[in-house]
Amino acid sequence: MKKLASVGLGLLMTTAMAAVQAEEVKIGMITTLSGGGSHLGVDVRDGFMLAIERSGRDDVKVLIQDDANRPDLARSLSNEFMQRDNVDILTGIIWSNLAMAVVPAAVRQGTFYLSPNAGPSDLAGRMCHENYFNVAYQNDNLHGGMGAYMREQGFERPILMAPNYPAGTDALAGFKHLYEGEVVDELYTQMGQTDYAAEIAQIRASDADSLFFFLPGGMGISFMKQWENSGVDLPVFGAAFSFDETIIQAVGSAAIGAMNTSLWAYDLDNEANHAFVEGFREAYDRMPTLYAAQGYDTANLIISALEKAHPSDQDAFREALREADFDSVRGKFRFGPNQHPIQDILVREVVEGDNGQPTNRLVGIAVEDIQDIYYEQCQM
């Protein structure tokens with residue numbers, strides 16, 4: 001009788017798993033595929049789709065739309081995905097101002113949102129929600145890691161610079177939180193700015209001993225090229241957003257020697273990362289960036305949860321996401337109480353690669369098991 005019961009239970013479990021995989025899952029991806037900073041969205045999309053294709057699941061349908069880095073368009077696309085296409089999950093947004101335009105309304109309507117990049121502080125704290133998961137970071141994290149690293153390296157008078165939007169203000173707040181010292185000045189630029197002559201003049205006139213900046217996408221390329229020609233001789237620090245592989249290839253030799261923090265590095269030594277880097281290069285004929293790694297992890301988290309529940313069973317699917325039962329390319333990965341990662345922040349240096357082009361080399365760990373400070377405001 002026990003043997004028959006075991007066989008019966010096994011058949012029921014197999015049938016249940018088949019049912020989970022048989023019911024189609026729709027994922028709506030809204031990301032930036034055109035205009036300034038589009039390589040961020042392209043890499044998130046490509047990393048995400050690589051994981052979906054590798055999973056071999058034919059019950060997962062991914063619908064992809066370009067938000068063109070416009071909050072109004074992102075909001076419109078999210079409404080179309082939810083109301084017309086009845087998606088189960090939304091993902092893909094790169095920029096924090098677009099996330100703030102989309103996420104709060106989407107999760108209140110019962111749609112899951114998994115962020116592969118943007119991590120504004122409000123969504124980690126006072127506006128957290130049980131249907132919102134961030135698979136990348138809270139915006140402060142990488143900048144806080146560099147603040148801690150620069151303090152340990154003995155820099156006493158940093159000057160800071162970032163664009164004036166949610167991720168920019170989060171960046172400098174995060175840096176100061178773990179730097180724990182006085183800064184010379186904070187310079188806020190415009191989103192999409194291309195001319196940094198005025199800011200460089202302010203930096204030159206200051207008594208700073210170092211520069212920390214956050215300028216993602218094309219903003220970082222423009223700044224670094226102008227910085228190289230300025231003759232200002234200060235060590236430069238940042239986060240991966242200003243020193244991803246695409247940016248430093250475009251900047252060239254001006255990026256050599258810059259230190260940056262990241263939650264991922266292509267030379268991070270673990271089996272999942274080796275498979276990811278090799279697979280990405282084979283599929284797309286280029287080196288992956290941090291954004292591709294985040295997209296890949298986001299898709300693998302979803303796949304791991306789908307092995308246990310369908311999003312229509314919201315409680316079960318939410319619990320499966322919280323378990324984070326997948327092999328992350330960054331190694332250690334777990335969620336904190338506000339469903340944001342607790343993870344190590346790495347330090348990388350831009351060096352000359354074997355092909356003579358700039359590349360990032362892993363140096364070590366800036367902060368272990370970093371957790372954002374906003375979880376205390378989260379009332380989930």
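This is a predicted model: local features need pLDDT of at least 70, side-chain atom pairs count only at pLDDT 80 or more; totals for chains, interfaces and linings use all residues.
Me: Why is Arg57 called buried?
Reply: Its relative accessible area is 10%. Buried means under 20%, so Arg57 qualifies. Arg57 is found in the loop between helix H2 (38-55) and strand E2 (60-66).

Me: What makes the pair Arg57 and Asp59 a polar contact?
Reply: The two side chains are 2.7 Å apart at this contact. The limit is a pair of N or O atoms within 3.5 Å. The pair therefore counts as a polar contact.

Me: Which residue ranges make up domain 1 and domain 2?
Reply: The domain assignment gives 2-137 + 268-335 for domain 1 and 140-262 + 345-376 for domain 2. Their centres, taken over C-alpha atoms, are separated by 28 Å.

Me: How do you know that domain 1 and domain 2 touch?
Reply: 20 residues of domain 1 are in contact with 23 residues of domain 2. Contact here requires heavy atoms within 4.5 Å. The area buried between the domains is about 1700 Å². Carbon and sulfur atoms give 66% of that area.

Me: Why is Asp369 with Lys332 called a salt bridge?
Reply: Their closest N and O atoms are 3.2 Å apart. The cut-off is within 4 Å, from a side-chain nitrogen of Lys or Arg to a carboxyl oxygen of Asp or Glu. The pair therefore meets it. Between domain 1 and domain 2 the count is one salt bridge.

Me: Which elements give two or more residues to the side of domain 1 that touches domain 2?
Reply: They are H2, helix H4 (96-108), helix H5 (121-124) and helix H12 (290-306). The residues of that side divide into ten nonpolar, eight polar and two charged.

Technical notes:
Residues are numbered from 1 along each chain as its sequence is written. Side-chain values use heavy atoms; hydrogens and water are left out. Helices (H or I, at least four residues) and strands (E, at least two) are DSSP runs, numbered from the N terminus. Buried means under 20% relative accessible area, exposed over 50%, partly exposed in between (1.4 Å probe, protein chains only). A polar contact is a pair of N or O atoms within 3.5 Å; within protein, one must be able to donate a hydrogen and the other to accept it, and residues adjacent in sequence count only if both atoms are side-chain atoms. Domain bounds come from an automatic or database domain assignment. Buried area is the accessible area (1.4 Å probe) that two parts lose on being put together, summed over both. Ala, Val, Leu, Ile, Met, Phe, Trp, Tyr, Cys and Pro count as nonpolar, Asp, Glu, Lys and Arg as charged, and the others, Gly among them, as polar.
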